[in-house]
Amino acid sequence: MENYFARLLLTSEMDDPPTFAKVQQEIADLEKQRVAHFNEHGPINQEYILLLTELNAAYALARDSENEVEVAQHIYQSRRILSGDEDELTLEALLALAFSYLDDGQYDEAQSIAVMLLRLDWGEENGPGYDLYIDALALQADIKHVRKEYDDELTLRRHILALLSELTGSSSNQTIMARCAMGICLEKMKRYPEALEHYLVVRAYLDYETDFATEAEKIGLMVHIGRCYRKMGKHADAAVLYHWAHRHATKHFGQGSPLVRKLHTLVSTLEQNRPNTL
């Protein structure tokens with residue numbers, strides 16, 4: 001399942017020059033390791049696939065979707081040769097390729113993989129695991145999201161959340177991530193009270209599991225909660241959260257960071273448009 005907390009971010013991590021430089025250096029290092037490993041051992045081995053998986057994640061973080069897709073294709077083809085078409089690891093690689101297609105805007109390619117995966121016989125005793133089925137459902141929901149088919153997305157999100165709540169518990173990491181995705185969908189549909197319900201559960205979980213999300217993701221969540229309050233007409237509650245987010249971002253990222261500048265604009269806009277209560 002994708003990291004839906006990343007969708008709450010107010011600015012891209014790549015807007016921060018030190019982070020950008022760090023990610024680019026990581027990509028350069030991984031590419032060197034890739035070439036060296038390929039020359040010595042070839043592409044059809046587990047170590048090479050693991051190296052490519054790290055590289056795929058780095059390209060995704062850098063939002064270099066063209067290279068992300070290319071690496072994902074290599075992973076899938078190598079896995080097919082190494083494990084066979086029906087092996088669960090191959091299906092996982094195919095699913096990852098679909099998510100890379102989605103990042104690259106190749107929605108039809110991602111959709112064809114989603115359809116193929118969801119048509120598998122998931123009831124077979126020796127078939128793929130149920131967690132892969134849930135990830136395939138999440139892929140389909142993500143496709144609906146980028147196509148702005150929010151009614152269909154919401155149906156899938158509810159199904160995913162119900163499955164994960166039953167299989168892993170209401171407070172598992174996976175269930176909380178699915179609940180975050182549900183909140184984002186509902187917010188897009190302008191169903192702010194319902195979105196707020198889910199966001200508040202996620203926030204309570206992050207208060208307990210402090211390392212589950214980054215500071216930037218936590219700040220983004222608080223701003224989305226504030227936005228729901230603002231859209232519901234609760235401007236005082238929204239202001240408290242926006243100001244908290246601004247202070248928290250300043251503490252962790254510095255006054256001149258892109259995130260703090262973005263939050264300063266949001267706070268200023270909120271104050272300018274705040275209803276006169278006198």
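## Aromatic rings

Rings of Phe, Tyr and Trp (its six-membered ring) pair if their centres lie within 6.5 Å; planes under 30 degrees apart count as stacked, over 60 as edge-to-face and the rest as tilted. Phe5, Tyr205 and Phe212 form one aromatic cluster. This is a predicted model, where local features need pLDDT of at least 70, side-chain atom pairs count only at pLDDT 80 or more, and totals for chains, interfaces and linings use all residues. Residues are numbered from 1 along each chain as its sequence is written, and side-chain values use heavy atoms, with hydrogens and water left out.

Searching the whole structure turns up 4 aromatic pairs. One of them is Phe5 with Phe212, edge-to-face at 5.5 Å centre to centre, with 85 degrees between the planes. Phe5 sits in the segment before helix 1 (17-41) and Phe212 in the loop between helix 9 (192-208) and helix 10 (215-231), so this pair ties together parts 207 residues apart in sequence. Helices here are DSSP runs (H or I, at least four residues), numbered from the N terminus. Phe5 is buried at 1% relative accessibility, while Phe212 is partly exposed at 23%; buried means under 20% relative accessible area, exposed over 50%, and partly exposed in between (1.4 Å probe, protein chains only).

Tyr130 and Tyr133 make another pair, this one tilted, with 5.2 Å centre to centre and 40 degrees between the planes. Both lie in helix 6 (residues 130-146), 3 residues apart, or about one turn of the helix. Tyr130 is partly exposed at 40% relative accessibility, whereas Tyr133 is buried at 15%.

## Confidence

The chain has a mean pLDDT (the predictor's confidence in each residue, from 0 to 100) of 93, and 97% of its residues reach 70 or more. Confidence is lowest in helix 12 (residues 258-272), with a mean of 90, and highest in helix 8 (residues 173-188), at 97.

## Core and contacts

A nonpolar core is a set of buried Ala, Val, Leu, Ile, Met, Phe, Trp, Tyr and Cys residues joined through side-chain atoms within 4.5 Å. The largest one holds 88 residues, and those touching the most other members are Phe5, Leu139, Ile160, Tyr199, Ile225 and Leu263. Leaving out residues up to four places away in sequence, Leu263 has contacts (heavy atoms within 4.5 Å) with Leu10, Ile219, Val223, Ala245, His246 and Ala249.

Over in helix 3 (residues 65-83) we find Val69, which is buried at 5% relative accessibility. With the sequence neighbours up to four places away again set aside, Val69 touches Leu97, Ser100, Tyr101, Asp104 and Gln106.

## Helix 8

Helix 8 has 16 residues and reaches 23 Å from its first C-alpha to its last, close to the 22 Å expected (1.5 Å times one less than its number of residues). Of those 16 residues, 13 are buried, so helix 8 is largely enclosed by the rest of the structure. After helix 8 comes Lys190, with a positive phi near 65 degrees.

## Cysteines

How many disulfides does the whole structure have? The search finds 0, a disulfide being a pair of cysteine sulfur atoms within 2.5 Å. For Cys185, the closest cysteine sulfur is in Cys180, 12 Å away and too far for a bond. Cys228 is in no disulfide either, and the nearest cysteine sulfur, again that of Cys180, is 11 Å away. Cys185 is buried at 0% relative accessibility, and Cys228 is buried at 0% too.

Note on methods
Helices (H or I, at least four residues) and strands (E, at least two) are DSSP runs, numbered from the N terminus.
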